[in-house]
Amino acid sequence: MALRKSTRLHQAPLLKQILKRCSSLGKNKQGFDNDVPKGHFVVYVGENRSRYIVPISILRCPSFQTLLHQAEEEFGFDHEGGLTIPCDEDVFESLLTSSI
């Protein structure tokens with residue numbers, strides 16, 4: 001189901017904030033990511049905080065947006081240590097394969 005235009009416009013500032021925060025994480029002293037390719041960002045998933053490098057295009061996926069809202073409610077976005085997604089790894093991997 002596609003998001004209504006007004007909903008997408010309302011979510012745009014939040015997604016930009018998340019993306020800006022994610023793009024600044026994991027950078028070395030020169031300001032460049034060591035292993036994150038352009039157009040991707042890092043999230044941590046599950047109890048073990050497994051690290052995933054995901055494409056920015058996943059931000060358009062409604063299921064991923066739902067996970068972002070859950071992450072905001074549970075952890076907030078103003079903390080150190082990267083963006084943590086509150087779901088099991090197998091669920092997240094399933095979401096990744098279905099959205100690509």
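In what order do the three strands of the open sheet stand? The order is β2-β1-β3, and the pairing is mixed, where two strands count as paired if DSSP finds at least two bridges between them, and where strands (E, at least two residues) and helices (H or I, at least four) are DSSP runs numbered from the N terminus. This is a predicted model, in which local features need pLDDT of at least 70 and side-chain atom pairs count only at pLDDT 80 or more, while totals for chains, interfaces and linings use all residues. Residues are numbered from 1 along each chain as its sequence is written, and side-chain values use heavy atoms, with hydrogens and water left out.

Within the sheet, β2 and β3 stand at the edges with a single partner strand each, so one side of each has no neighbour in the sheet. From one strand to the next, the twist averages 40°, an angle taken between N-to-C directions of lines fitted to C-alpha atoms, for helices over the stretch in contact, and running from 0 to 180 degrees. The antiparallel pairing of β1 with β2 extends over six bridges, and histidine 40 stands opposite proline 55 in β2.

Two helices accompany these strands. Helix α2 lies across β1 and β3 and runs at about 110° to β3, whereas α3 packs on the sheet, touching β1, β2 and β3, with a direction about 15° from that of β2; contact here means heavy atoms within 4.5 Å.

The largest nonpolar core has 19 residues, and those that touch the most other members are Phe41, Val43, Val54, Ile58, Phe64, Ile85 and Phe92. Such a core is a set of buried Ala, Val, Leu, Ile, Met, Phe, Trp, Tyr and Cys residues joined through side-chain atoms within 4.5 Å, and buried means under 20% relative accessible area (1.4 Å probe, protein chains only). At least two core residues come from each of β1, β2, α2, β3 and α3, and α2 gives the most, with four.

Serine 50, in strand β2, has a side chain joined to that of glutamate 89 by a polar contact of 2.8 Å, the term being used for N or O atoms within 3.5 Å, of which, within protein, one must be able to donate a hydrogen and the other to accept it, with residues adjacent in sequence counting only if both atoms are side-chain atoms.

The average pLDDT, the predictor's confidence in each residue from 0 to 100, is 76 for the protein; the mean is lowest in helix α1 (residues 5–24), at 56, and highest in β2, at 93. Where pLDDT is low, the predicted coordinates should not be read in detail.

How values were computed: Buried < 20%, exposed > 50% of the residue type's maximum accessible area, 1.4 Å probe, protein only.
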